[in-house]
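Hello,

Here is the structure for you to look over. My notes follow below it.

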Amino acid sequence: MTRTQEWTVGLELVEESGRTEAEARLSTGTSTITGHGTARCNPSDVDVPAIGDELAASRAMKDLAGKLMREANREMEAVGAGTVPKHTGPGYGWPEAVS
C-alpha cells in the first residue's frame, strides 16, 4: 500500500542590529513542531545579512530536526521498538559549531 503525505515547513527570519532570529515551523496536518535559531554578526566583521539569514535558518532547521527525531524516538519506545542510535560526533568535515 502506498501512502502519500505532504508536510509543510515555513521559515520566518527577522534581522535587527546585526542579529538574525529564525523560526522554522513544520506542519504535519495534525501537529506543528517549531525550531529556533539565531545568528549574530561580530562587530568587527562586515554585516552581510544573507549570511546571518543562512546561519539562523540552518540552526532553526537543525533544532526542528532534533525535535522531530526526539518525537519519533518517544513514539518508537511507546510501541516497543528500538530507537535510532544517537550520533556520537562529526562523521566528516569540520566539527559542528554550537548554535
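Predicted model: local features only at pLDDT ≥ 70, side-chain atom pairs only at ≥ 80, totals over all residues.

Residues are numbered from 1 along each chain as its sequence is written, and side-chain values use heavy atoms, without hydrogens and water.

Sheet first. Three strands form an open sheet in the order β1-β2-β3, paired antiparallel. Strands (E, at least two residues) and helices (H or I, at least four) are DSSP runs, numbered from the N terminus. Pairing takes at least two DSSP bridges between two strands. β1 (8–16) and β3 are the edge strands, each pairing on one side only. β1 and β2 are joined by 9 bridges. Within that pair, L13 stands opposite A22 in β2.

α1 packs on the sheet and touches β1, β2 and β3 (contact: heavy atoms within 4.5 Å).

Now the second largest pocket. A pocket is an open set of 1 Å grid points, over the protein atoms alone, where a 1.4 Å probe fits, with protein on both sides within 12 Å along at least five of seven lines; lining residues have an atom within 4 Å of a point. This one is lined by 17 residues, with R40, C41, V48, I51 and G52 nearest its centre. β2 (19–27), β3 (32–40) and α1 (49–78) each supply at least two lining residues. α1 gives the largest share, 5 residues.

Best regards

Definitions and conventions
Axes fitted to C-alpha atoms, helices over the stretch in contact; angles between N-to-C directions.
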